[in-house]
Amino acid sequence: TVTGVFIGIAGMGDVDTPCDYVIVLGAGVNGTVPSLILSERINRTYDYLTENPDVICIVSGGQGSGEDITEAKCMYDNLVAKGISPDRIWQEDQATNTRENIRFSLALIEEKTGLRPTQAAVISNEFHLFRAGLFCAEQDLTMVGVPAKTTWFSLRANYFLREIVAVWYYIILGG
């Protein structure tokens, strides 16, 4: 129950804190089409980038089984199709999990700018922001959570329960 409260609080986000970068965490791609969860993240990213025209976006995610393109490429293509300038979107296309999403995205920012940020916005579904924050803390990154709303209650409930287990896995085994 306590873990669920922390997940719920983190899921409210903090969209008012200005950031130079936003990292978008990948999720499943069906062939070349974003899954519902990834579509929600893409839509939230579009809104965030529209509201914050000077922010650079790092879309993060490699290619898993059943995916014809990387998660990063899928997000990039969808954001560009919605009208976001390609110059504002950097692709990190090697990550296979949330820990790598954060670590590899920070490395990409450092590679391109010569500086490693100490704060960045992170977009994921509300149920996932608490655990993403744990991985950000490992990298000495202050995370500004930007929640993508999970529209289907059944998915939100399922992933919320899954996250409780994932948080405890992280706490006990460091995974």
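**A close look at the salt bridges**

Modeller: Asp 77 has a relative accessible area of 31%, so this residue is partly exposed. Keep in mind that the model is a predicted one. The partner of Asp 77 is Lys 73, and their side chains meet in a salt bridge with an N to O distance of 2.9 Å. Lys 73 has a relative accessible area of 33%, so Lys 73 is partly exposed too. Both residues sit in helix α3, which covers residues 71-81. They are four residues apart, about one turn of the helix.

How many salt bridges does the structure hold? There are three. Take the next pair.

The side chains of Arg 99 and Glu 138 also meet in a salt bridge, at 2.6 Å from N to O. This pair links distant parts of the chain. Arg 99 belongs to helix α4, Glu 138 to helix α5, and 39 residues separate them. Is Arg 99 buried, partly exposed or exposed? Arg 99 counts as partly exposed, because its relative accessibility is 23% and the buried class is kept for values under 20%. Glu 138 stands at 35%, so Glu 138 is partly exposed as well.

The remaining pair is Arg 116 and Glu 110. Their closest N and O atoms are 3.9 Å apart. That still counts, because a salt bridge needs the nitrogen within 4 Å of the carboxyl oxygen. Arg 116 has a relative accessible area of 34% and is partly exposed. Glu 110, at 36%, is partly exposed too.

Now step back to the whole chain. The protein has six helices and seven strands. Along the sequence, they follow the pattern α-β-β-β-α-β-α-β-α-β-α-β-α. Of the 175 residues, 47% are buried.

Helices α4 and α5 come up again at the largest pocket. Its volume is about 580 Å³. The pocket is lined by 30 residues, and the closest to its centre are Gly 26, Ala 27, Asn 97, Thr 98 and Arg 162. Which elements give two or more residues to the lining? They are α2 (36-51), α4 (98-113), α5 (129-138) and α6 (153-173). Helix α6 supplies the largest share, six residues. By class, the lining holds ten nonpolar, 13 polar and seven charged residues.

Together with Ile 171, Ile 172 and Leu 173, Tyr 169 forms a nonpolar patch on the surface. The patch has about 460 Å² of accessible area in total. Tyr 169 has a relative accessibility of 47%, so Tyr 169 counts as partly exposed. The exposed class begins over 50%.

One last stop takes us back towards the numbering of helix α3. Val 33 is in strand β3, which spans residues 33-34. With a relative accessibility of 48%, Val 33 counts as partly exposed. Along the chain, Val 33 and Asn 78 are 45 residues apart. Their C-alpha atoms are separated by 9.3 Å.

To recap the salt bridges: Asp 77 pairs with Lys 73, Arg 99 with Glu 138, and Arg 116 with Glu 110.

Notes. Residues are numbered from 1 along each chain as its sequence is written. This is a predicted model: local features need pLDDT of at least 70, side-chain atom pairs count only at pLDDT 80 or more; totals for chains, interfaces and linings use all residues. Side-chain values use heavy atoms; hydrogens and water are left out. On a 1 Å grid over the protein atoms alone, a cavity is a set of points where a 1.4 Å probe fits but cannot get out, and a pocket is an open set with protein on both sides within 12 Å along at least five of seven lines; lining residues have an atom within 4 Å of a point. Grid points are joined across faces, edges and corners, and a volume is the space filled by probe spheres set on the points. Ala, Val, Leu, Ile, Met, Phe, Trp, Tyr, Cys and Pro count as nonpolar, Asp, Glu, Lys and Arg as charged, and the others, Gly among them, as polar. Patches are made of residues with over 30% relative accessible area and no salt bridge: like charges are joined within 9 Å, nonpolar side chains (Val, Leu, Ile, Met, Phe, Trp, Tyr) within 5 Å. Accessible areas come from the Shrake-Rupley method with a 1.4 Å probe; for residues, only the protein chains shown count as cover. Buried means under 20% relative accessible area, exposed over 50%, partly exposed in between (1.4 Å probe, protein chains only).
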